[in-house]
Amino acid sequence: MTSVAKKRRFWCLLIVTSCTVFFVLARFLPLSDNIQIQRTAAVPSTYLFRKMAAQKRDAILNTRTLPNSTYSRISFIDRRQTYKVGEVLIVTITLYDSTGTRIRSGGDMLRLLLKEAKLGANVNGNVTDNGDGTYTGKVLLPWRGESQLVVYLSIPRQLHEIVVNAANEYGTMRHILGIFTRNNTNIRTPCGPIKVIKGFDSLCNLTEMAYNMPWYCVKPKPAEFTCKHWTLSVTASNFTLSPSVTHALLAHQHKVFPKKTFITVKGDRTSMRTSETPCDKRPREQTWDFGTSGFYYNYTWVNIGCRNRYKMTRKQYSKCLAHRHLVLIGDSNVRSYLEFFTRFLKLKITSGNPFDNKPDLVFGHNISQSISAMWRPHGVPYFAAYPYRNEVLVPTSVILDRLKVLRDNRPIVVIHLWSHMLAIPIHIVEERIRDVRKAVERLLSRAPNVTVVIKGPQSHLESQIYLQVDFKRVSFERIWQHEFRYLKNKVIYLNYWDITTGSESKQLHPSQKILSDMVNTFINHVCDV
């Protein structure tokens with residue numbers, strides 16, 4: 001064998017051996033990403049939702065394989081020419097993509113509702129995932145008439161998974177910028193609720209400054225700046241998603257099935273009978289039953305599980321809230337209660353502004369009626385377009401622990417954690433709700449006469465990058481149910497999903513009509529006639 005042939009043989013054997021070794025290592029040894037997953041996956045068994053490690057996201061999203069409302073179909077389990085008032089209509093929804101190919105896996109989120117515009121009537125239904133690309137929809141038939149069945153493809157599973165992965169990878173879907181101030185010089189850095197901010201190694205642990213709620217910001221680079229120079233916060237304009245994914249998210253949310261389907265309902269009554277139990281006498285544990293909570297008929301919201309006794313009049317509302325202190329904790333969708341009462345009950349605002357989006361303490365009262373009310377934003381994270389002082393974001397648990405309860409001023413506490421919590425990992429939400437539950441236990445232990453209300457999730461049809469409300473609603477409700485399972489006989493849960501979904505509420509903030517009906521439902525649950 002010549003020297004040239006020997007050299008060729010040597011290099012061939014070296015290449016084959018190297019490839020074999022590389023294959024074995026790649027096949028049988030865990031990669032660094034897998035090691036990270038194993039290291040961060042372990043959490044206490046009390047969590048409903050595990051702390052998820054970041055997963056790599058596909059760079060290319062084939063939108064042609066996403067479910068498409070135009071090609072998807074609705075079929076009836078028991079198709080009849082007429083139905084009776086009070087019956088439940090059952091349909092099967094089968095999803096297809098834009099190529100006409102049947103979807104064979106589950107996980108997508110849909111809405112089903114019935115409406116009749118000329119009657120001012122609508123009712124939200126329920127959709128169950130069968131796991132094979134088909135979904136079973138059930139909707140109550142509460143009134144007599146010819147109604148339209150409406151189905152929405154709220155968001156495909158693939159897009160929601162990208163959102164979840166981004167939240168786990170970056171700690172948030174949208175950063176809040178911490179503003180560090182020294183000698184009239186400001187520096188802004190990304191912040192989030194977990195000790196991982198992608199692309200940065202040096203972080204400020206601001207948990208103590210955030211009332212012991214976990215909070216971290218990228219440390220300012222100039223040496224003269226320290227973590228203690230954190231004074232303000234503001235929402236970043238960008239999201240932690242690529243432009244292509246962002247476009248796909250906005251283009252594939254809340255797509256209505258175009259084919260119009262009508263149902264004829266007949267009966268001796270114009271609308272179904274509902275419970276005669278007054279809402280204020282309804283056992284509190286029943287408010288945690290997540291069946292259909294009610295429907296609109298003749299432009300009036302009708303509770304199914306109880307009967308409203310309070311009418312929306314200034315005299316009755318004043319009687320209800322007399323010698324009561326209303327404490328509203330959460331975002332702008334619970335601050336809107338204070339906006340309503342300020343106008344309706346002529347409250348004099350002495351601190352803050354209920355009509356301003358700035359997160360700050362708002363307090364008002366009506367001395368002649370002995371009514372007082374306040375709103376406080378919940379703790380971090382809070383997304384606001386304008387810079388705000390960090391100390392105004394007091395966690396819900398701290399607000400409850402500091403609440404003074406007087407004999408002649410029984411507080412009504414309303415807690416709403418929703419919109420601003422949608423951008424962060426779900427296990428962080430679970431920690432926040434658990435913190436709230438512990439504080440409620442402490443509050444009711446020292447002041448049993450306090451009325452505590454949990455204001456549940458509400459829906460909208462506004463396309464948002466990180467507000468996948470349909471998926472998040474399921475997770476939030478599971479957490480509230482689990483954490484408050486031993487407090488259901490002491491705490492009222494107000495389900496506002498049906499009133500906003502059945503009405504096809506368009507914006508993040510519902511209309512004044514829907515808001516007034518939500519407030520009236522609240523009043524009827526917390527006030528004795």
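The following dialogue explains how several terms apply to this predicted model.

User: What does the secondary structure of the protein come to, and what share of the residues counts as buried?

Analyst: The protein has 11 helices and 25 strands. Of its 529 residues, 53% count as buried. Its accessible surface comes to about 25500 Å², and 52% of that surface belongs to carbon and sulfur atoms.

User: Why is Thr 94 called buried?

Analyst: The relative accessibility of Thr 94 is 14%. Buried means under 20%, so Thr 94 at 14% counts as buried. Thr 94 lies in strand E3, which covers residues 88-97. Leaving out residues up to four places away in sequence, Thr 94 touches Ser 72, Arg 73, Arg 102, Gly 133 and Thr 134.

User: How far apart are Gln 148 and Thr 264 in sequence and in space?

Analyst: Gln 148 and Thr 264 are 116 residues apart in sequence, while their C-alpha atoms are 9.0 Å apart in space. Across the protein, among contacts between residues at least 6 apart in sequence, 75% join residues at least 24 apart.

User: What makes Val 245 buried?

Analyst: Val 245 has a relative accessible area of 7%. Val 245 is found in helix H4 (residues 243-251).

User: How do you know that Tyr 388 is buried, and where does Tyr 388 lie?

Analyst: The relative accessible area of Tyr 388 is 3%. Because buried means under 20%, Tyr 388 is classed as buried. Tyr 388 is placed in strand E22. The contacts of Tyr 388, apart from neighbours within four places in sequence, are Ile 176, Thr 231, Leu 232, Ser 233, Val 234, Pro 359, Tyr 382 and Leu 393. Tyr 388 and Ile 179 are 209 residues apart in sequence and 9.6 Å apart in space, C-alpha to C-alpha.

User: Why is Asn 212 called exposed?

Analyst: Asn 212 has a relative accessibility of 56%. Exposed means over 50%, so Asn 212 counts as exposed. Asn 212 sits in the loop between strand E11 (203-205) and strand E12 (216-218).

User: What is the phi of Asn 212, and what is the phi of Asn 298?

Analyst: Asn 212 has a positive phi of about 65°, although Asn 212 is not a glycine. Asn 298 has a phi near 55°, also a positive value in a residue other than glycine. Asn 298 lies in the loop between strand E16 (294-297) and strand E17 (300-303).

User: What is the omega of the peptide bond from Val 380 to Pro 381?

Analyst: That bond, from Val 380 to Pro 381, is cis, with omega near 0°. Pro 381 is in the loop between strand E21 (371-377) and strand E22 (388-389). Val 380 and Pro 381 are among the residues that Trp 215 touches, as are Ile 176 and Trp 230.

User: Which residues of the largest nonpolar core touch the most other members?

Analyst: In this core of 70 residues, they are Trp 215, Tyr 337, Phe 341, Phe 522 and Ile 523. Helix H11 (residues 512-526) gives the largest share of the core, 7 residues. Apart from this core lies another of 40 residues, including Leu 400, Ile 428, Val 429 and Trp 497.

User: What describes the packing of two helices, and what are the values for H8 and H9?

Analyst: The angle between the axes and the distance between them describe two packed helices. Helix H8 (residues 426-446) and helix H9 (residues 469-483) pack at about 35°, with axes 10 Å apart. Their crossing is right-handed. The residues of this contact divide into 7 nonpolar, 1 polar and 4 charged.

Terms used. Residues numbered from 1 in each chain as written. Predicted model: local features only at pLDDT ≥ 70, side-chain atom pairs only at ≥ 80, totals over all residues. Heavy atoms only, no water. Core = buried A, V, L, I, M, F, W, Y, C linked by side-chain atoms within 4.5 Å. Buried < 20%, exposed > 50% of the residue type's maximum accessible area, 1.4 Å probe, protein only. Helix = DSSP H or I, 4+ residues; strand = E, 2+ residues; numbered from the N terminus. Contact = heavy atoms within 4.5 Å. Axes fitted to C-alpha atoms, helices over the stretch in contact; angles between N-to-C directions. Left-handed = near helix turned anticlockwise from the far one by under 90°. Nonpolar A, V, L, I, M, F, W, Y, C, P; charged D, E, K, R; others polar. Areas by Shrake-Rupley, 256 points an atom, 1.4 Å probe, with all protein chains shown as cover.
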